Amino acid sequence: MKKLLTILTPTYNRGKYLENIFVSLQQQTNQNFEWIIVDDGSTDNTEKIVESFIKSDKLVIKYLYKKNGGKHTAVNYGLKYISTKLTVILDSDDYFTNDAVEVIEKTYNENKNEKNICGFTFLKRRRNGELFGSEFPREGRYNFSKWRLSKVVTDERCDVFYSDVMKNYPFSEYEGEKYIGESTMMIKMSSRYDMICKNIAIYIADYLEGGLTDNSRKLRLHSLLGGMEYCNVSMVSGIYWRRRLKSALLYDTYGFLKNIKPKKLINDSNAPLLTTIFYPISIIIGKYWKNKYKL
């Protein structure tokens, strides 16, 4: 029988943490899922660890290996092998509550006839029980750009997507760059789709040393084109004005660091006036970052 949900785990040299996911998935009160692990070129013992999971025959697991390219490329790669109705990304050092899949399926069944919905959003909490950010002001239909980029709600969330929609919005991949913000995909989706939010925490996480979040500033400054794309989609009309201003400044700064001419930055911008206004300031910031981060 075909499963409803794919749990997609991109991983890079995090083999020692995968056991936590393996245990949590065995404890799920609903087993209507498969687990796809995309190994993004790990050099540790990830493959052997996953092989032991598969040999145990306790879960439906698919292991995929690819050359290292960053989390977003691992997600894109994994999407090619997904055939389930729903997909959720579970990072390699995090895990689910025991009823996570049950809650996801229940929410899907309650809302599967809703039109123009790309997925469902749940809360994340830390291992000590503390929530990431605040609850949604109400449950039900909401728009990512209008709520989560406008500080109606803040911080991390667990997003479950319709797989077919997610496949239509893959992450852009730029040669030599290993990072692009996950919100880039979600902002694009939000121009056509809403989501359903629930004030139920199903995802457990903490930011561990050496993880993606811990290294995000360094990754961003070495992934300037990806950063520019995120900032550009964050400047479209309808985005919260403070977010648009910050994005315009960062867009210009990344462009300056990438040695892109001002005329091209302005021509390619979703907010040419803001791009023009902030460019002189971006030169100052860019020079400062060059010196500070040895770019």
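Reader: What should I know before reading the values?

Author: This is a predicted model, in which local features need pLDDT of at least 70 and side-chain atom pairs count only at pLDDT 80 or more, while totals for chains, interfaces and linings use all residues. Residues are numbered from 1 along each chain as its sequence is written, and side-chain values use heavy atoms, with hydrogens and water left out.

Reader: How do you know whether Cys158 is buried or exposed?

Author: Buried means under 20% relative accessible area, exposed over 50%, and partly exposed in between, with a 1.4 Å probe and protein chains only. Cys158 has 2% relative accessibility, so it counts as buried, and Cys231, at 1%, is also buried.

Reader: What makes Lys71 and Glu182 a salt bridge?

Author: A salt bridge is a side-chain nitrogen of Lys or Arg within 4 Å of a carboxyl oxygen of Asp or Glu, and the closest N and O atoms of Lys71 and Glu182 are 2.3 Å apart. The pair links distant parts of the chain, 111 residues apart. Lys71 is buried at 17% relative accessibility, whereas Glu182, at 34%, counts as partly exposed.

Conventions:
Helix = DSSP H or I, 4+ residues; strand = E, 2+ residues; numbered from the N terminus.
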